[in-house]
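Colleague: I'd like to learn how to read a structure like this one. Could you walk me through a few features?

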Amino acid sequence: MLSASAGFFSKYRAIIQVTLGAALLAVTLVRLGTVFHRDIFTDYLAYADTTQSIMAGSNPYALENMRYRAWGEAPIVYPGYVFFFQSIAGNAQKFLPWYLLLSIIASFAALAWLLKKTGFKGEPSPLRNSRGFFIYSVIIFAFFNASPVLKTLRLGQSTAIIAFCLVAMLLGRRQIARYFFFGTAAVMKYSLLTVWAPLLFFKKYYRLCLFGFLFFILAGLYPVFFYPNIVGLIKAYLQELASQISGTGFNTYSVSGFDMLHLDFIKSSLVATSLKVT
C-alpha cells in the first residue's frame, strides 16, 4: 500500500506540487483581497490626516483640525510624513487602494530580495521547476498569512514600506540609494534609529549614518513650505508625544513603548545576522 502511494506520488509529483502551490497562492490572494474591503486603516488615515492639516497651515495635533476620522486622541505622526503623503492627503480614500497595493508589492519585494540573498539561491527556479514553485509558494503563503503582515496591511501601517527600505539599505549596491532608503525608514519609524544607527556606526558605515540622519532632519523640516512656524509645529508634536506617553492612552510606554523601541528585536540572532549581511 505504501509502495503504491509512493509510486503514485513519484509519478505525479510535478502535478501535485504545482497544484498545491497554486492552491496556496490562491488562498493568499483571497486573504490579501479581503484587506481592501476592511474599514480599518487607522494608521494610513492618521498619516493622511496629519499631512492635510499641516498643508492647510493648521495644528495637526488639535483634534478640531482633523477630518478623516473622529480621533479619540491626536495621532502622533512625525511631521516628516508630509514629504511622502502630500500628494494623496487631499483625497486619502481615493488613493487608499494604491497605497495598499504598494505595501503588498514592497512586502513581496523585500521577501524575494532576502530569499535571493540569504539561503535560497540554490533552489530551483519557481518558473521552471515544480519543486521550486511549491517551495516558494509555501514561503509566500506563510509570510502573507502571518498575523503581523495582515495586521500591518489592515491598519494601513507603513511597516511594509519600512521593511523594504531596510532590506534595500542593507543589500542595495548604489550608495546614494542606500542613503535615501535609510533616511526614509528613519522618517517613517525614527525609533529604528535606536537599533540600526548604532549598529551601522559600529560597522563603520559613517556616511550612511550621516546622510540618513540628514535626510531625516530635512524631511522633518519640509513642512515649513506649508506651515511657516516650523518651530511651533515641532514643539506641538513633542508636547503631544510627551503627553500621550505619560498619560493613560494607547501610546503610553507600558502599552506600546516596548514595540515602538523595537526592544523585542534586540536579540543576539538578529545582531549576528545583521552583522553578516552588512
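What follows is a short walk through a helix, a loop residue, some rings and the surface.

Modeller: Happy to. Keep in mind that this is a predicted model.

Colleague: Let's start with a helix. How many residues of α3 are buried?

Modeller: The idea is to check each residue's relative accessible area, and under 20% is buried. In α3, 11 of the 14 residues pass that test, so the helix is mostly covered. Among them are Y44, L45, Y47 and I54.

Colleague: And which helices do those buried residues pack against?

Modeller: They pack against α4 (82-85), α5 (92-117) and α12 (230-245).

Colleague: Where else does a positive phi turn up, in a residue other than glycine?

Modeller: Look at K204, with phi near 70°. K204 sits in the loop between α10 (193-202) and α11 (206-221), and it counts as exposed because its relative accessibility is 63%.

Colleague: Is a loop residue like S158 buried or exposed?

Modeller: S158 lies between α7 (147-154) and α8 (159-171), yet S158 is buried because its relative accessible area is 2%. Its contacts, leaving out residues up to four places away in sequence, are Y47, Y81, Y99 and M188. S158 and Y47 are 111 residues apart along the chain, with their C-alpha atoms separated by 9.3 Å.

Colleague: How many aromatic pairs are there?

Modeller: A search of the whole structure gives 23. One of them is Y61 with Y237, a tilted pair at 5.7 Å centre to centre and 50° between the planes. Y61 is in the loop between α3 and α4 while Y237 is in helix α12, so this pair ties together parts 176 residues apart in sequence. For contrast in geometry, F143 and F144 have centres 5.0 Å apart and planes at 90°, so that pair is edge-to-face. F143 is partly exposed at 27%, whereas F144 is buried at 3%.

Colleague: Last one: which residues form a nonpolar patch on the surface?

Modeller: That would be F36, W98, L101 and I105, with about 420 Å² of accessible area together. F36 belongs to the loop between α2 (13-35) and α3, and its relative accessible area of 33% makes it partly exposed.

Notes
Residues numbered from 1 in each chain as written. Predicted model: local features only at pLDDT ≥ 70, side-chain atom pairs only at ≥ 80, totals over all residues. Heavy atoms only, no water. Helix = DSSP H or I, 4+ residues; strand = E, 2+ residues; numbered from the N terminus. Buried < 20%, exposed > 50% of the residue type's maximum accessible area, 1.4 Å probe, protein only. Contact = heavy atoms within 4.5 Å. Patch = residues over 30% accessible without salt bridge, like charges linked within 9 Å, V, L, I, M, F, W, Y side chains within 5 Å. Areas by Shrake-Rupley, 256 points an atom, 1.4 Å probe, with all protein chains shown as cover. Salt bridge = Lys/Arg side-chain N within 4 Å of Asp/Glu carboxyl O. Phe/Tyr/Trp six-rings, centres within 6.5 Å; stacked < 30°, edge-to-face > 60°.
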